[in-house]
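Hi everyone, thanks for coming along this morning. Let me put the structure up on the screen, and then I'll walk you through it.

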Amino acid sequence: MTDAWLDALDPDPRASLAAWLGEARAAGLHEPEAAALATATLDGRASVRMVLVRGVEEHDLRLYTNHESRKAGELRATGRAALCFHWGPPLRRQVRVEGRVERLTDEDAQRYFETRARESRLGAWASPQSRGLADRAELDRRYAEAAERFAGRDVPLPEWWGGYRIVPEAFELWQNRPNRLHHRARYERAGHRWSRSRLAP
Ligand SMILES: Cc1cc2nc3c(=O)[nH]c(=O)nc-3n(C[C@H](O)[C@H](O)[C@H](O)COP(=O)(O)O)c2cc1C
């Protein structure tokens, strides 16, 4: 049986994701590389938050964060994560990814950190991500202290800041269609290849 939509997708889902992200960029959608990142504790308590996913064009899925944050603790505890991208009109698409997690090297974190604006780098020093703050003034004070500490020089990579890679084991591509009869493709990794099948929407 032929299946025109499914057959037209790239056999490699990482290429399909890169193509869809490119189309989201071309459509002028806001922050098209933003995705919801789902993690869980070892006893199965799930949590989800948005992150910016880097490297999609190179068929990679990297995110950068504070290693002492809630998400980072859960990524390390289970070694697993899921991502969900959503692009609204005119595309109306979703891509889900499930996979294993690897911590990126400090060299990789350093390379990415250097591409960030000075203010964002100072923010990484200032914010004890996911921990309690007495009040807003505490965060502003911590930022001012970091700005003073690194005045007149480069802001270095904090030892608690870096990245993770999602090594995908499954993808789902979803395309809105009329009458809720959406297209939905699931890819699963089979060794070095990917199997592809259609699921009911
Ligand atoms: C569009 C968007 C993109 C975000 N990107 C990141 C990111 O790349 N890294 C990050 O640490 N937090 C990012 N955040 C903030 C997270 O959603 C979250 O609030 C924060 O990382 C703390 O999460 P945690 O306590 O579960 O670790 C982003 C938020 C939004 C709304």
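Around the ligand we find Glu-31, Arg-49, Met-50, Val-51, Leu-52, Tyr-64, Thr-65, Ser-69, Arg-70, Lys-71, Gln-129 and Ser-130, where a residue is taken as near if one of its heavy atoms lies within 4 Å of the ligand. Please keep in mind that this is a predicted model: local features need pLDDT of at least 70, side-chain atom pairs count only at pLDDT 80 or more, and totals for chains, interfaces and linings use all residues. Residues are numbered from 1 along each chain as its sequence is written, and side-chain values use heavy atoms, with hydrogens and water left out.

That shell divides into four nonpolar, four polar and four charged residues. Here Ala, Val, Leu, Ile, Met, Phe, Trp, Tyr, Cys and Pro count as nonpolar, Asp, Glu, Lys and Arg as charged, and the others, Gly among them, as polar.

Which atoms of the protein come up against the ligand's own polar atoms? A polar backbone atom of Leu-52 is 3.0 Å from a ligand oxygen, and a backbone N or O atom of Tyr-64 lies 2.9 Å from a ligand nitrogen. From its side chain, Gln-129 places an N or O atom 3.0 Å from an oxygen of the ligand. The protein covers 64% of the 610 Å² of accessible area that the ligand has on its own, with areas from the Shrake-Rupley method and a 1.4 Å probe; for residues, only the protein chains shown count as cover.

Strand S2 (46-52), strand S3 (62-66) and helix H3 (70-78) each give two or more residues to this shell, and S2 has the largest share, four residues. Helices (H or I, at least four residues) and strands (E, at least two) are DSSP runs, numbered from the N terminus.

Stepping back, the protein has six helices and eight strands, running α-α-β-β-β-α-β-β-α-α-α-β-β-β from the N terminus on. Its C-alpha trace spans about 65 × 40 × 30 Å along the principal axes. Of the 201 residues, 44% count as buried, meaning under 20% relative accessible area, with exposed over 50% and partly exposed in between (1.4 Å probe, protein chains only).

Now to the inside. The largest nonpolar core has 33 residues, and Leu-61, Leu-83, Phe-85, Trp-87, Val-95, Ile-166 and Phe-171 touch the most other members. By nonpolar core I mean a set of buried Ala, Val, Leu, Ile, Met, Phe, Trp, Tyr and Cys residues joined through side-chain atoms within 4.5 Å. Its largest share, five residues, comes from H2. A second, separate core of 14 residues includes Tyr-64, Ala-109, Phe-113 and Trp-161.

Terms used:
A polar contact is a pair of N or O atoms within 3.5 Å; within protein, one must be able to donate a hydrogen and the other to accept it, and residues adjacent in sequence count only if both atoms are side-chain atoms.
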